[in-house]
Amino acid sequence: MPAASPNSLFGMGNPLLDISAVVDKDFLEKYGLKPNDQILAEDKHKALFEEIVKKFKVEYHAGGATQNSIKIAQWMIQDPHKVCTFFGCIGEDTFGEILKQKAEEAHVDAYYYEQTEEPTGTCAACITGDNRSLVANLAAANCYKKDKHLDLKENWKLVEKAKVYYIAGFFLTVSLESILKVAKHASENNKLFTLNLSAPFISQFFKDALMEVMPYVDVLFGNETEAATFSKEQGFQTEDIEEIAKKAEALPKINKKRPRIVVFTQGKDGTIMTKGGDKVETFPVLKIDQKDIVDTNGAGDAFVGGFLSELVQDKELEQCVKAGHYAANIIIRRAGCTFPEKPDFH
């Protein structure tokens, strides 16, 4: 009997094609980019997408934070196929076809809402050293509609089949009503709803949407930068990551049957996790030689994917963190969020 059943892990988010290249500092400065950040493209970034392709050696990878994590989870699980379901919006174009093909190759059960108004979204991953600056042009991803896709009977059936849900905070900019529908379903049925802080700009500029979803969140993910911004925006008055985790854990929660778990990664420093009550535990990451790091793009997504792959199989939380660390350690040795044929995790 396989430990995970088909469609038991559900993800919904922005499917993007990553256009990844090692760039130089001048390029970052020209477009006003920080070396390690995630932002949404503005008008001033339009030319960036053309220039990066002309000027640097680019690689194309299927991306989008939630989709990355869902793929990694499926890779970690291996069998059966299609344990993971993914919803998102693409265009009817070449990039959209690539995303469909890549999802199929990863054995993810992807159901895309396809529309013709906007082209498939892209994300420029501008790599310098072990930093990555991400500029997302959502385009089609921004066109996801609850009534046109999520509410359809055959699609909603797949939501009901799942027992763990994951949505990156990035999707808060697209369809809050879709997130709330899924979050409420999870809460009412005592299933696990998980969310990622995703980027500082989410806590800053989409604070209301984020806090509307927070009462439904059973597991909250984030990294040290996102945690600090969240703390500042919430008036926690602390920069201590353990304190921030405790305060995030204590925020109001609707399903009282499960205490909220908060998991913050800190790059090469240990990952911290709240343990209910006043306990916070730190888990060291796997050691890696600097020269083995190809790029850190996708490390956070991979951590979540590894974590979810064990969570959906009802494993202990410590084991979930270990799986997250394993997946992230594999991903940073490769370009983009890509992985070898099989995992070697025990």
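A salt bridge is counted where a side-chain nitrogen of Lys or Arg lies within 4 Å of a carboxyl oxygen of Asp or Glu. In this predicted model, Lys-181 and Asp-151 meet that rule, their closest N and O atoms being 2.7 Å apart. The pair links distant parts of the chain, with Lys-181 in helix α7 and Asp-151 in the loop between α5 (146-150) and α6 (153-161), 30 residues apart. Both partners are partly exposed: Lys-181 has a relative accessible area of 24%, and Asp-151 one of 28%.

By the same rule, the count comes to 18 salt bridges. Another of these joins Glu-97 to Lys-100, with the closest N and O atoms 3.3 Å apart. Here the two residues sit three places apart in helix α4 (residues 94-105), so about one helical turn separates them. Glu-97 is partly exposed at 45% relative accessibility, and Lys-100 is partly exposed at 27%. A further bridge brings together the side chains of Lys-315 and Glu-310, at 3.6 Å from N to O. In this pair, Lys-315 is partly exposed at 36% relative accessibility, whereas Glu-310 is buried, with a relative accessible area of 7%. Salt bridges also link Lys-30, Glu-51 and Lys-55 in a network.

Attention now turns to an annotated residue. The UniProt annotation "active site", from an unreviewed entry, covers Asp-301. This residue lies in helix α12 (residues 299-311). Asp-301 counts as buried because its relative accessible area is 16%, and the limit for that class is under 20%. Beyond residues up to four places away in sequence, Asp-301 touches Ala-65, Asn-68 and Ser-69.

Gln-67 is found in helix α3, which covers residues 65-77. Gln-67 is buried, with a relative accessible area of 3%. Its side chain makes a polar contact of 2.4 Å with the side chain of Tyr-112. Neighbours within four places in sequence aside, Gln-67 is in contact with Pro-15, Leu-16, Phe-86, Leu-99 and Tyr-112. The C-alpha atoms of Gln-67 and Ala-106 are separated by 11 Å, and these residues are 39 residues apart along the chain.

Thr-173 is buried, with a relative accessible area of 17%. The side chain of Thr-173 reaches the backbone oxygen of Phe-170 at 3.1 Å. Leaving aside neighbours within four places in sequence, the contacts of Thr-173 are Leu-138, Asn-142, Phe-201, Ile-202 and Phe-206.

Note on methods
Residues numbered from 1 in each chain as written. Predicted model: local features only at pLDDT ≥ 70, side-chain atom pairs only at ≥ 80, totals over all residues. Heavy atoms only, no water. UniProt positions renumbered as here; feature names shortened; annotations may be inferred. Helix = DSSP H or I, 4+ residues; strand = E, 2+ residues; numbered from the N terminus. Buried < 20%, exposed > 50% of the residue type's maximum accessible area, 1.4 Å probe, protein only. Contact = heavy atoms within 4.5 Å. Polar contact = N/O pair within 3.5 Å; in protein donor to acceptor, adjacent residues only side chain to side chain.
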